[in-house]
Amino acid sequence: MRIRSIIQNERGFTLLESLFQLLIFILFASISLLIIIWFHHIYALDDMKDEVNWELFIYDLHQYNEFSASGIVIGTKQLQLEMIDDVDGRYFIVGKSDKHLRKTTNRGGNEIMLPYVKDWDLVVKGNEILMKVVMEDGTTRERKMVLPKAP
């Protein structure tokens, strides 16, 4: 008899308990949505970083090309730019080493111009160069550049 009275007295959730559980569920759902949006922005920033690196590389290369007296393609993997009116006879060579495109100079030293490059190829037509770069993630980027003719 006592067991039967306990079973019959079970009332279930009250309205206040149900509203509290609904509030907690809505709170977790909104936090989850914010986290998903945040991760999406992080991945978009990573893609943007690669694009910015590429555009900065092209800008730097155009700046060196603008102040160079001549440009020579060595094989299909290196570009040599000789500076205008440089009393030291300095020139820069842009080429691939390991995972990066580096700028080296005949006076020593080098610097990374474009990180995480899988392949770099230069196609020459007259004094115009088509640069093809395959990044480590597999994206391909191309840009044309006109070299100054050697005197």
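The model is predicted. Five strands make up an open, antiparallel sheet in the order E1-E2-E3-E4-E5. Helix H2, residues 15–66, packs on that sheet. Six salt bridges turn up in a search of the whole structure.

**The sheet**

- The strand order is E1-E2-E3-E4-E5, and the pairing is antiparallel.
- Strand E1 (68–74) and strand E5 (110–114) are the edge strands. Each of them pairs on one side only.
- On average, neighbouring strands of this sheet are turned by 25° against each other, direction ignored.
- Four bridges join strand E4 (residues 100–105) to E5 in the antiparallel sense.
- Threonine 104 has asparagine 110, in E5, as its bridge partner.

**The helix on the sheet**

- Helix H2 touches E1, strand E2 (78–83), strand E3 (91–97), E4 and E5.
- The direction of H2 makes about 125° with that of E5.

**Salt bridge lysine 77 to aspartate 119**

- Lysine 77 and aspartate 119 form a salt bridge, with the closest N and O atoms 2.9 Å apart.
- This pair links distant parts of the chain, 42 residues apart. Lysine 77 sits in the loop between E1 and E2, and aspartate 119 in strand E6 (residues 117–125).
- Lysine 77 is partly exposed, at 35% relative accessible area.
- Aspartate 119 is also partly exposed, at 33%.

**Salt bridge lysine 99 to glutamate 136**

- Lysine 99 forms a salt bridge with glutamate 136; their closest N and O atoms are 3.9 Å apart.
- Lysine 99 lies in the loop between E3 and E4, and glutamate 136 in the loop between strand E7 (128–135) and strand E8 (140–146), so the pair ties together parts 37 residues apart in sequence.
- Lysine 99 has a relative accessible area of 46% and is partly exposed.
- Glutamate 136, at 38% relative accessibility, counts as partly exposed.

**Salt bridge lysine 103 to glutamate 111**

- The side chains of lysine 103 and glutamate 111 meet in a salt bridge, 3.0 Å from N to O.
- Lysine 103 counts as buried because its relative accessibility is 9%, and the cut-off for buried is under 20%.
- Glutamate 111 is partly exposed, with a relative accessible area of 38%.

Key:
Residues numbered from 1 in each chain as written. Predicted model: local features only at pLDDT ≥ 70, side-chain atom pairs only at ≥ 80, totals over all residues. Heavy atoms only, no water. Pairing = 2+ DSSP bridges. Helix = DSSP H or I, 4+ residues; strand = E, 2+ residues; numbered from the N terminus. Axes fitted to C-alpha atoms, helices over the stretch in contact; angles between N-to-C directions. Contact = heavy atoms within 4.5 Å. Salt bridge = Lys/Arg side-chain N within 4 Å of Asp/Glu carboxyl O. Buried < 20%, exposed > 50% of the residue type's maximum accessible area, 1.4 Å probe, protein only.
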